[in-house]
Every structure is written in C-alpha cells, then in structure tokens.
Amino acid sequence: MTLFFFFIFFVYGGVHVYAFLKARQAFGFGWGAGIAVALFMAFMIVAMFLIRSLERHEFELTARTLSWVAYLWMAVIFYFFCNSLLLDLVNLALRIPEWFRSQAPHLLRIPPRLSFALSLSLSALICVYGYFEAQNIRTERIVFETDRLPHGTDKVTIAQISDVHLGLIIRCDRLVSILEVVKAAKPDIFVVTGDLVDAQINHLPGLRELLQEIQAPYGKFAITGNHEYYAGLDKALEFLHHSGLTVLRGESRDLGVIQIAGVDDRAAIQTKVGTPAPDRVALAGTDRSKKFVLFLKHQPHPDADAIGMYDLMLSGHTHKGQIWPFTYFSRRAHPLHAGRYDVGKGSVVYTSRGTGTWGPPIRFLASPEVTVIEVVRKKPA
C-alpha cells in the first residue's frame, strides 16, 4: 500500500505537473484559468482515494460515475505524457545541428500548441481503441499430452479466467460476455486464478448467479489473488463460495481424471491476514506419477522446490502490462510474463493475460483472454 501511495502522489502527480506545464506553454493562460486547471488535476489525483471512501459509505452511483471519469482520465493523461514526451525528444533532436554549427539553418520544429493538440488527439485515439480491445475477449487454446489420464478418458478440457476485477466498472454485461466464451468451450473443469473481484464488492447483484450457471462436470475452482485481500478476505470468500466455486487454499483435490491444487496469494502477508502455504505443501496430496497435476497460483512465481511436482501451473496477475508500454515494466517484475514457459522437470507455467481490466477500462496491445487447456491422451509412438 505504501508503494501505491508513492505512485499516486509522486509518479501520477508528476505526470499531471508535466501536463499542466505543457498546457500553459501551449495556451499561455492566466492565473484564473491556471488555478482552475490545477484544481481539476489535483481532484483527479486524489479521486483514487475518494472512490474507495464513497463506495465504502454506500454512495455507489457516485463512486461508479467517478470511477469511469477518473480511470479514463488516468489513461488519457498517461498517453498524453508519453506522446508529448516523444514530441519533446523530436524537437530536441531537431536542435542538435544548431549546437555544432553557429550558422546552421533554422530547422522546422513542432510549435507548442500543435504538439499539445497532436499529443492529446493521439492519446484519445489510443484510449478509444483500447476500450474496444478490452472487450474483445480472445480464446487461447493450449494442448498438453499426457499418458496419465485414466482408462476411458481421452481428453479433459479446462477453462481458465483470471483477473476479471468485478467491481465498480466491470459488471454484469462484461461478465456475461466472458462467460459466453467459457460456455462455448464446454469445459470439464472451470478455474479462476485470482482477482475475480476488485477492491469494491459491496454491490454485485446478479453476478454470483451468472457464475453459478457455468456447467463443469468435474468441478469449478478458484484461488485468491491480491485483490481478494484488498476487498476484504471474508467478503471475497463469501462471494466466491456463493458463486459455486470451490476455493483451494493450500490444498489439493483428486478429481478422478486429474488432480488439482491451489494456494493463496502472497498478498496475505502484506495485508497481515496470514501466511500462504508453500507450493510443495499445497501439492503434498498429489502424485504426479499417477495422474496429471494441475496447480493454481495467482502470481507466476513458482517455488523452486515444487517444480516437478505438477504438470501445469496456471497463473495470472500480470495483465501483460494491460496498457503498453507498461508491458516492459511488468515483464521486469514478472519474468514469466504471459504465455507458456517450460520451467524444468516436466513442469510448465502458463500465465494468462487476464480477462478483465484493473483501473482504466482499456487494454492496449494486451488483449484479454479466456484460456482453454486440452489435456489429451498421448498417442503411442
């Protein structure tokens, strides 16, 4: 949480200061307009905390409205900053010849007002595109071969969703779209690898019933992500259980066709709720020599001493950065960033790009996914 406060007040605040200076340079407004712009930007900075307070005190409609405004603004101002900084670098490059030759010809430069207009227009276009990309849910299909399916079972289909972030912005319509993709896969097993809910879950009418409609003969399972802890673990677990999901918290189950295990997210330590079981403890009840082992862990950081105890670990959390170029920062924090990774001893980690959005309701170059895993019988050589 300390890191979040640092980001809001220093990083996010710094972006606003830069944007304010660019606006003043472009339009040369006076004190009155300057104060009005500064107050609006200050309000947008503290809106992240105001939203939480409004929702907590049952002002849901106001909180939802402010969420849309504040988080869309967050995306616009971020891309304005990136675009404007790029144009600043272009202008800087155009001045280089003047530094080396006193008689260098005057080169064309992008004037402040045009730079501001170009930056803002491109930012708006990216955000419009990103809004629709966030709703374009893709199906990622993966096939795993194994010789450990029981006799008479040639294929087990697993559908994974992750990082949906049901709350003030992601509501019924989006969940319906997500679950239509899940239903089309006709899964034998349905799993949610954390962050099904966001920090605000006081009012989620009808969403549990939608999740209850998913049919999966061998079971529907979930694990906690970091946002289940931010939302309040007891409330989040109640929502998960009433949605028809079995929550795996450092334990395993034998489903007959495969074995499955799951662990709590390490945000339990950060929020002082508890200590998640190590991977090897959660997997202690499984036997990979007999059956295919599926392991659920929200953040894609496998414990070294548990590698080899499972065939496939399903994770999420990274969103693949959600909005480029955050992709590069996310990859540094989470090397198993998105997609399939062979981690040794026959174990594989698959990290989902996520199915919903956190914060700004947009995705840019990181489309959402429902992952469909087919565990099939290995064909004889």
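Reply: Helix 4 gives the largest share of the lining of the largest cavity, with three residues. The model is predicted, so local features need pLDDT of at least 70 and side-chain atom pairs count only at pLDDT 80 or more, while totals for chains, interfaces and linings use all residues. Residues are numbered from 1 along each chain as its sequence is written, and side-chain values use heavy atoms, with hydrogens and water left out.

The lining consists of Lys22, Gln25, Phe80, Ser84, Pro112, Ser115 and Phe116. At least two residues come from each of helix 1 (2–27), helix 3 (60–100) and helix 4 (112–135). By class there are three nonpolar residues, three polar ones and one charged; Ala, Val, Leu, Ile, Met, Phe, Trp, Tyr, Cys and Pro count as nonpolar, Asp, Glu, Lys and Arg as charged, and the others, Gly among them, as polar.

The volume of the largest cavity is about 50 Å³, and a search of the whole structure finds one cavity of 30 Å³ or more. Rolling a probe the size of a water molecule over the atoms shows where empty space is left. The search uses a 1 Å grid over the protein atoms alone: a cavity is a set of points where a 1.4 Å probe fits but cannot get out, a pocket is an open set with protein on both sides within 12 Å along at least five of seven lines, and lining residues have an atom within 4 Å of a point. Points are joined across faces, edges and corners, and the volume is the space filled by probe spheres set on them.

For contrast in kind, the second largest pocket holds about 220 Å³ of space. It is lined by 15 residues, and those closest to its centre are Asp264, Arg266, Pro276, Asp279 and Lys297. Its lining has five nonpolar, four polar and six charged residues.

Back to helix 4, which has 24 residues and reaches 35 Å from its first C-alpha to its last. That is close to the expected 34 Å, where the expected span is 1.5 Å times one less than the number of residues. Ser115 and Phe116, both in the cavity lining, are among the buried residues of helix 4. Buried means under 20% relative accessible area, exposed over 50% and partly exposed in between, with a 1.4 Å probe and protein chains only. An α-helix has 3.6 residues a turn, so residues three or four places apart point the same way.

The aromatic rings can be described next. There are 16 aromatic pairs in the structure. One of them joins Phe78 and Tyr79 edge-to-face, at 5.1 Å centre to centre and 65° between the planes. Rings of Phe, Tyr and Trp (its six-membered ring) pair if their centres lie within 6.5 Å, and planes under 30 degrees apart count as stacked, over 60 as edge-to-face and the rest as tilted. Phe78 counts as buried at 16% relative accessibility, and Tyr79 is buried at 2%. Tyr131 and Phe132 also form an edge-to-face pair, at 5.4 Å centre to centre and 80° between the planes. Here Tyr131 is partly exposed, with a relative accessible area of 27%, and Phe132 is exposed at 54%. Ring pairs also link Phe78, Tyr79, Tyr129, Phe326, Phe329 and Phe364 into a cluster.

As for the setting, the protein chain has 11 helices and 12 strands. Of its 381 residues, 52% count as buried, and its C-alpha trace spans about 80 × 55 × 35 Å along the principal axes. Six strands make an open sheet in the order 1-12-2-3-4-5, with mixed pairing. Strand 1 (138–146) and strand 5 (246–247) stand at the edges with a single partner strand each, so one side of each has no neighbour in the sheet. Strands pair if DSSP finds at least two bridges between them; strand 2 (residues 155–161) runs parallel to strand 3 and is joined to it by four bridges.
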